[in-house]
Structures are given as structure tokens and as C-alpha cells.
Amino acid sequence: RPFDCLLIYHTSRLGRNVADVHKLKEWFDFCEVRLVFVADNMDSASSSFDMMFTFKSAGDQQFSRDLSAHVRKAQNGKFRNGHFGGGGVAYGFRTKPHENTSKRGLYGRFEVDYVDLEIDQVEAEILIHIFEWYAAGLSLRRIAERLNAEGVKPPKAPRLRSVPSWSKTSLVEMLKNESYIGVFRRN
């Protein structure tokens, strides 16, 4: 083994799933590696470690679930109030953060209270052309060829496509995207 003891600040740093952290603990036991949780004052060499570790890891798991529920509730509330709910930004839009000038966040920047979507005028013009060309009967292949030939900057390329370019697939996704007719959904 490369080490005899692993110092961890808090039990939640090892994991927040009871089953996962107990498997890890068993693996460390098997390898004869001692676990020491500094903030929790817990040492796997102690006779009461297993019971304390079980309680702490269950609490960490519950905290993670509660936090997740609170975050989702806040995001849903902001979305219901008409603000951007997060996730990918469709071609033709960009995010506009609204900063709270009375609160400083990390690195001295103002905290962001919420984020809205706004129209990117350059990309919006391209979208209008795409919809007009499609309505006029141009095939998706022809539209993609035309945009590529004109050097129009495409949406971000998927991970598997190394060269960003217009494709039939990206155009189909745009034509089916309800946000272009003002319908925004969350989840």
C-alpha cells in the first residue's frame, strides 16, 4: 500500500452515500489503511468507530438529499418568476446575470441574484434565415451546406464531432426547439 493512514477533513468528503462509503471503509480495512476524520474527531483505530461512522454517513446522505431538494425548490421558484432555470442555452440566446451590488461574493465580484435569457441578435438573424429557408422548401442538407459555405459560426459542436460545423441534426433540433416560439420548460 502507498500509505498507512488517510486524513480526511469530514466524513462527507469521503462520500454522501451510506452504501458507497461503507464499501470504501471495508476496502481501506482490507488494505490496513487507517481512516482519520479530523473535523469529526473519528479514528478507525477506535473501537466505537464503526457505530459513529454509520451515524455520520447516514447524516451526510440525508444532508445531501435535503440540500438537493432545497436547491431544486429555489431553481423552480426562480423559473416560475420568469428567470432562466439553468441548463444549456439554446442557439440565439445568451445569459444575462443580474448582480446584487450590495453583496460581494467570491473574488470580490458581486453576487448574482438570478440569470435571465436575452436574445443574441447575430445568432437570432441566422435563426430567422434558417426558418425562412426551411419554410421556402430548402432541405436541411442544403441549409447546412449554405451556412458552412458562408462561414456562419455554428452552435457548439458535440463532444464526438471535433470540427464545429452545421449539420442536419443541429438544424432539426433548432426547428423543434419550443423556446423559439416562447415556450420554456423546466425539467
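Seven residues stand out in the largest nonpolar core of this predicted model: of its 13 residues, Tyr91, Ile126, Ile130, Leu147, Trp166, Leu171 and Met174 touch the most other members. A nonpolar core here is a set of buried Ala, Val, Leu, Ile, Met, Phe, Trp, Tyr and Cys residues joined through side-chain atoms within 4.5 Å, with buried meaning under 20% relative accessible area, exposed over 50%, and partly exposed in between (1.4 Å probe, protein chains only). Helix 3 (121-135), helix 4 (140-149) and helix 5 each give two or more residues to this core; helices (H or I, at least four residues) and strands (E, at least two) are DSSP runs, numbered from the N terminus. Leaving aside residues up to four places away in sequence, Leu147 touches Ile126, Ile130, Trp133, Val152, Trp166 and Leu171, a contact being heavy atoms within 4.5 Å. There is also a second, separate core of ten residues, with Leu14, Val33, Phe37 and Met42 among them.

Helix 5 spans residues 168-176 and holds Ser170. Ser170 counts as buried because its relative accessibility is 16%. Its side chain reaches back to the backbone oxygen of Ser167 at 2.9 Å.

Turning to the strands, strand 4 (residues 93-104) and strand 5 (residues 110-119) run antiparallel and are joined by nine bridges; two strands pair if DSSP finds at least two bridges between them. One of the residues involved is Thr95, whose bridge partner in strand 5 is Leu117. Five residues lie between the strands of this hairpin, and Tyr107 takes a positive phi near 60° there.

As for the cysteines, the structure holds zero disulfides, a disulfide being a pair of cysteine sulfur atoms within 2.5 Å. Cys5 is in no disulfide, and the nearest cysteine sulfur, that of Cys31, is 14 Å away. Seen from Cys31, the closest cysteine sulfur is in Cys5, and 14 Å is too far for a bond. Cys5 counts as partly exposed, at 31% relative accessibility, and Cys31 also counts as partly exposed, at 21%.

On confidence, the protein chain averages a pLDDT (the predictor's confidence in each residue, from 0 to 100) of 89, and 94% of the residues score at least 70.

Residues are numbered from 1 along each chain as its sequence is written, and side-chain values use heavy atoms, with hydrogens and water left out. Since this is a predicted model, local features need pLDDT of at least 70 and side-chain atom pairs count only at pLDDT 80 or more, whereas totals for chains, interfaces and linings use all residues.

Terms used. Polar contact = N/O pair within 3.5 Å; in protein donor to acceptor, adjacent residues only side chain to side chain.
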